[in-house]
Amino acid sequence: MFWLILFAVLLIIAVSGTVYLFTRFHRFSFIEKLGEKHKLLSWLVCLLPFAGLSCFLLINSYTMIVVIIHLIIFWLIADIIAAIVRKAAKKQRRRNIEGVAVILFTAVYLSIGWYNAHNVVRTEYTVHTDKTIGAEHLKVAAIADSHLGITLDGEAFAAEMERIKKESPDIFIIAGDFVDDDSCRADMVRACEAIGSIAPKYGTYFTFGNHDRGYFEGYRDFTADDLRSELKKNGVTVLEDKAVQITDELCIIGRHDKSSKERLSMSILAKRAAKDSYTIVIDHQPNDYKNEADAGADLVFSGHTHGGHLWPSGYVGLLIGANDKVYGFEKRGNSDFIVTSGISGWAIPFKTGTVSEYVIINITE
């Protein structure tokens with residue numbers, strides 16, 4: 001019943017918003033003048049902007065919906081501001097200035113979002129530990145959420161791996177959602193090969209995210225087992241609630257995604273690390289901070305949130321308790337937590353609240 005009510009509410013909002021946008025297009029002076037002679041034709045002309053917006057369907061339906069939602073929200077805000085200004089100035093509307101402003105603002109705003117999603121930046125953190133890590137400095141390269149196919153195909157992903165290779169990391173970790181339901185096998189294979197070319201001193205480690213296994217059976221042309229096989233073929237250690245003791249001083253734990261029914265508690269996994277070793281935990285979703293800190297994890301790396309992806313959606317996840325953090329660094333007790341905005345993102349080729357990135361973590365004694 002809940003989902004039926006939610007669907008009905010969303011449908012009403014979608015229809016109301018579309019009608020509202022339709023009437024806003026009709027307020028342009030040349031359309032209003034046309035309506036004085038040909039009323040029906042003037043309303044038919046208002047369909048042309050929607051026809052133009054339909055070109056975003058060439059990417060996917062989500063993209064078109066996102067563009068329309070931003071137009072509706074920005075237009076509503078502009079209408080409220082314009083109404084207040086006109087009332088204060090005691091003037092009537094003569095031209096649809098706010099309409100022009102909204103269209104231009106939306107175009108610029110989402111163009112910046114497009115650039116943020118497609119341009120991968122380098123983000124660096126330095127964390128300190130009192131534990132012995134076997135070296136004065138340990139360099140970790142880390143990514144999450146490539147969702148192959150939306151902003152990065154196999155070749156584009158390989159180009160980003162070349163950048164990481166030049167960093168000469170000691171360890172490379174991948175915190176899930178490497179692929180998506182729409183990813184194709186060719187891109188997956190090429191991306192796995194690119195990961196294999198990095199060959200860090202202490203290896204590359206991968207954990208599954210909520211999208212890697214696929215939500216729709218048979219929808220894509222490879223399975224989770226195929227992905228696991230390609231990763232292993234290219235020297236990647238796949239960690240599914242497993243701990244790997246790299247050296248006497250260093251352990252990496254990769255967790256099952258929160259969505260997995262097989263997921264073990266952090267307290268159980270922590271016991272698999274050698275006593276007093278520096279423990280790096282790879283956990284796709286950043287929502288088990290208390291247990292990970294209580295278990296003595298030294299560094300926890302996560303993705304999943306995409307840094308909020310579309311502002312202000314990231315704050316919704318915090319308000320409903322879905323995530324402990326949306327983006328960046330946080331320290332709880334002796335545990336360091338880092339959430340990346342992802343090297344790409346799911347389905348929507350815009351990032352208006354964040355950027356695409358790969359992460360370099362310097363661990364120092």
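Me: Hi! Which residues does F178 touch, leaving aside those up to four places away in sequence?
Reply: F178 touches S146, H147, L148, F157, M188, A191, C192, I195, F206, D212, L227 and L231. Contact here means heavy atoms within 4.5 Å.

Me: Before I go on, what sort of model is this, and how are residues numbered?
Reply: It is a predicted model, where local features need pLDDT of at least 70 and side-chain atom pairs count only at pLDDT 80 or more, while totals for chains, interfaces and linings use all residues. Residues are numbered from 1 along each chain as its sequence is written, and side-chain values use heavy atoms, with hydrogens and water left out.

Me: Thanks! Which residues touch the most other members of the largest nonpolar core?
Reply: That core has 31 residues, and M161, F178 and L227 touch the most other members. A nonpolar core is a set of buried Ala, Val, Leu, Ile, Met, Phe, Trp, Tyr and Cys residues joined through side-chain atoms within 4.5 Å. Buried means under 20% relative accessible area, exposed over 50%, and partly exposed in between (1.4 Å probe, protein chains only).

Me: And which elements give two or more residues to this core?
Reply: They are β2 (137-143), α7 (154-166), β3 (171-175), α8 (185-196), α9 (224-233), β5 (236-238) and β12 (356-364). The most comes from α8, with 6 residues. Helices (H or I, at least four residues) and strands (E, at least two) are DSSP runs, numbered from the N terminus.

Me: What lies apart from it?
Reply: Another core, of 24 residues, with V140, I171, I246 and V359 among them.

Me: Switching to the sheet: in what order do its 6 strands run?
Reply: The order is β1-β12-β2-β3-β4-β5, in an open sheet with mixed pairing. Two strands pair if DSSP finds at least two bridges between them. β1 (120-128) and β5 are the edge strands, each pairing on one side only.

Me: In what sense do β4 and β5 pair?
Reply: Parallel: β4 (residues 204-207) and β5 share 3 bridges. The bridge partner of Y205 in β5 is T237.

Me: On to rings. How many aromatic pairs does the structure hold?
Reply: There are 15 aromatic pairs. In one of them, F22 and F50 have ring centres 6.2 Å apart and planes at 35°, so the pair is tilted. Rings of Phe, Tyr and Trp (its six-membered ring) pair if their centres lie within 6.5 Å, with planes under 30 degrees apart counted as stacked, over 60 as edge-to-face and the rest as tilted.

Me: Where do F22 and F50 sit in the chain?
Reply: F22 is in helix α1 (residues 2-25) and F50 in helix α4 (residues 47-53), 28 residues apart, so the pair links distant parts of the chain. F22 is partly exposed, at 21% relative accessible area, whereas F50 is buried, at 18%.

Me: Last one: is G303 buried or exposed?
Reply: G303 is buried, with a relative accessible area of 0%. G303 lies in the loop between β9 (299-302) and α12 (313-319). Not counting residues up to four places away in sequence, G303 touches A144, D145, A175, D283, H284, P286, V339 and T340.
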